[in-house]
Amino acid sequence: MSGEHVSDRWAEWRRQISLDDYRARWERMQAEGQATHGEADFIEGLHPRSVLDAGCGMGRVAIELHRRGIEVEGADLDLDLLDHARGDAPHLVWHHADLATLQANRRYHVVVMPGNVMIFCRVEDRGPIVANLAEHLDDDGLLVAGFSLEGRTDALTLAEYDLYCHAAGLELVERFATWDRDPYTGQDYAVSVHRRQR
Ligand SMILES: C[S@@+](CC[C@H](N)C(=O)[O-])C[C@H]1O[C@@H](n2cnc3c(N)ncnc32)[C@H](O)[C@@H]1O
């Protein structure tokens, strides 16, 4: 399999780069001392009791959160990437599942989708994914998603994302332009934090 079962967009990404090259790129950046853990820093700052890394890929963020002592599980539909995560961190729980239908049989304080998961999933799954992940939140839980705001016709807009969240019973708490918490003022990337409507 090379990503077709996830989405056309994901299969297109998989065709462009080998997983070994992708992994090597991150490892090189780390070796060069580049900041590669902005997402983990952001999530750690939320003081989570537990985290689901939703669309975890190779487990880049989840493994770092675990290294920092945070209780975390990962979920992804692409077994090729999940195999890397399982190989690197066999002691963690990795769900091979579609986020639209995942049944983890537990809830999490923070559910996070770093790395453009919302634009690599199938367009028709965007709403169901948000709805299902909302079901996996503790009562005081937070749904966090970072994704690019593109010029494509099938781009996901913030207004659409907020509507999916609203339909799932969530409301916007904070929105940033980067994982470093730069204020969002219309840039082409956003990190959104939603909680249950009060
Ligand atoms: C660009 S990767 C990001 C991986 C990881 N979050 C990171 O930041 O390194 C996008 C991931 O979303 C996953 N994905 C997309 N749609 C999904 C779905 N419906 N269910 C589970 N995973 C999905 C893909 O398999 C892929 O691993």
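This is a predicted model: local features need pLDDT of at least 70, side-chain atom pairs count only at pLDDT 80 or more; totals for chains, interfaces and linings use all residues.

User: What makes the protein chain as compact as a globular protein of its length?

Analyst: The protein chain has eight helices and seven strands, where helices (H or I, at least four residues) and strands (E, at least two) are DSSP runs numbered from the N terminus. Its radius of gyration is 16 Å, close to the 16 Å that the globule rule gives for 198 residues, so the chain is as compact as a globular protein of that length. The radius is taken over C-alpha atoms, and the rule is 2.2 Å times the number of residues to the power 0.38. Along its principal axes the C-alpha trace spans about 45 × 40 × 35 Å.

User: Why is G127 called partly exposed?

Analyst: A residue is buried if 20 or more other C-beta atoms lie within 10 Å of its own, exposed if 12 or fewer, and partly exposed in between, with C-beta atoms placed from the backbone. G127 has 17 such atoms within 10 Å, and is therefore partly exposed. G127 lies in helix α7 (residues 126-135). Not counting residues up to four places away in sequence, G127 touches Y164 and A167; contact requires C-beta atoms, placed from the backbone, within 7 Å.

User: Which residues of α4 are buried, and what covers them?

Analyst: R60, V61, A62, L65 and H66 are buried in α4. Their cover includes α2 (19-31), α3 (38-44), β1 (51-54) and β2. Just after α4, G69 takes a positive phi of about 90°. Across the protein chain, buried residues make up 36% of the 198 residues.

User: How do you know that β2 and β3 pair, and in which sense?

Analyst: Two strands pair if DSSP finds at least two bridges between them. Strand β2 (residues 72-76) and strand β3 (residues 93-96) have four bridges and run parallel, with G74 opposite W94 in β3.

User: What makes the unit of β2, helix α5 and β3 right-handed?

Analyst: A crossover is right-handed if, with the strands pointing away from the viewer, the path from the first strand over the helix to the second runs clockwise. The β-α-β unit of β2, helix α5 (residues 79-88) and β3 is assigned as right-handed.

User: Which strands pair with β7, and over how many bridges?

Analyst: Strand β5 (residues 137-148) pairs with strand β7 (residues 189-196) in the antiparallel sense over seven bridges. In β7, Y189 is the bridge partner of S148, and H194 that of L143. Strand β6 (residues 170-176) is joined to β7 by six bridges, also antiparallel, and E171 stands opposite R195 in β7.

User: Which residues come nearest to the ligand, and how is the shell divided by class?

Analyst: Of the 23 residues around the ligand, G55, G57, D78, G115 and C121 come nearest; a residue counts as near if its C-beta atom, placed from the backbone, lies within 6 Å of the molecule. By class, the shell has 13 nonpolar, five polar and five charged residues. Ala, Val, Leu, Ile, Met, Phe, Trp, Tyr, Cys and Pro count as nonpolar, Asp, Glu, Lys and Arg as charged, and the others, Gly among them, as polar. Helices α4 (60-67) and α6 (117-120) each supply at least two residues of this shell.

Key: Residues are numbered from 1 along each chain as its sequence is written. Two residues are in contact if their C-beta atoms, placed from the backbone, lie within 7 Å.
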